[in-house]
Amino acid sequence: MKRPEPVQVVKERRDKALRRLVEAVPYVQFMGIEFERHGDELTAVLPYRESLIGNPMLPALHGGATASFLEISAIIELSWQLLWEEMESPENKGLPVGDHLPRMPKTIDFTVDYLRAGLPRDAYARARVNRSGRRYASVHVEGWQDNRSRLFAQATGHFLMPERDAR
């Protein structure tokens, strides 16, 4: 009987795959967005920077920074699910992630609801994939700062999924 992989090896493999996925998107580095992984669940973190302020009189996060933070969260979540399927499939189980990453989904539309001003502090987002098929996916994203139940923005996006065999 084959022994299961040590937990630390599994965590390192998954963290490496996530790091490679995030590093493949230069805009993520430009925005300074980080991703925290707990199992297959991702939380995006936008550390506060003075340059993210859009209205210095309030001060409040710029709406474009908020929208791009939520959109990146949705795209990385969709890509992470594709990568997760491949990484955790019975054929690949226990193997390190190969040299290829799945192509990124393309945004069809993205609607943001600004619920309140984003305060000058770290922001968090978590995306939930409502539907993901071969060609199309629908994702809902929630953004919050101090209190998860008091969202400062939420969004819904529709994405064109990459061909599964395309690399």
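Mentor: One cut-off comes before anything else. A residue is called buried under 20% relative accessible area, exposed over 50%, and partly exposed in between. Keep in mind that this is a predicted model.

Now to Arg37. Its relative accessibility is 14%, so Arg37 counts as buried. Its side chain meets that of Asp15 in a salt bridge, at 2.8 Å from N to O. Asp15 belongs to helix α1 and Arg37 to strand β1, so the pair ties together parts 22 residues apart in sequence. Asp15 is partly exposed, because its relative accessible area is 33%. Side chains of opposite charge can pair when their charged atoms come close.

Helix α1 covers residues 7-23. It lies across β1 and β2, and runs at about 155 degrees to β1. Helix α3, residues 63-88, also lies across β1 and β2.

Six strands make up an open sheet, in the order β1-β2-β6-β7-β8-β5, with antiparallel pairing. The edge strands are β1 (34-38) and β5 (106-114), and each pairs on one side only. From one strand to the next, the twist averages 25 degrees. Strands of a sheet pair through backbone hydrogen bonds, either parallel or antiparallel.

Look at the partner of β1. Five bridges join β1 to β2, residues 41-46, and the two run antiparallel. Glu36 stands opposite Thr43 in β2. Arg37 stands opposite Leu42 in β2. The two strands form a hairpin, with two residues between them. Gly39 sits in that turn and has a positive phi of about 65 degrees.

How much of β2 is covered? Five of its six residues are buried, so by the under 20% cut-off the strand is mostly covered. Glu41 is partly exposed, because its relative accessibility is 39%.

Glu41 also takes us across to β6. The side chains of Arg126 and Glu41 meet in a salt bridge, at 3.4 Å from N to O. This pair links distant parts of the chain: Arg126 is in strand β6, Glu41 in strand β2, and they are 85 residues apart. Arg126 is partly exposed, with a relative accessible area of 24%. β2 and β6 pair in the antiparallel sense over three bridges. Leu46 stands opposite Ala123 in β6.

Follow the chain past β2. Glu50 is in the loop between β2 and β3. It is exposed, because its relative accessible area is 62%. Glu50 and Pro120 are 70 residues apart in sequence, yet their C-alpha atoms are 7.8 Å apart in space.

Arg121 forms a salt bridge with Asp146, with the closest N and O atoms 2.4 Å apart. Arg121 lies in the loop between β5 and β6 and Asp146 in the loop between β7 and β8, so the pair ties together parts 25 residues apart in sequence. Arg121 is partly exposed at 34%, whereas Asp146 is exposed at 60%. A search of the whole structure finds four salt bridges.

Methods: Residues numbered from 1 in each chain as written. Predicted model: local features only at pLDDT ≥ 70, side-chain atom pairs only at ≥ 80, totals over all residues. Heavy atoms only, no water. Pairing = 2+ DSSP bridges. Helix = DSSP H or I, 4+ residues; strand = E, 2+ residues; numbered from the N terminus. Axes fitted to C-alpha atoms, helices over the stretch in contact; angles between N-to-C directions. Contact = heavy atoms within 4.5 Å. Buried < 20%, exposed > 50% of the residue type's maximum accessible area, 1.4 Å probe, protein only.
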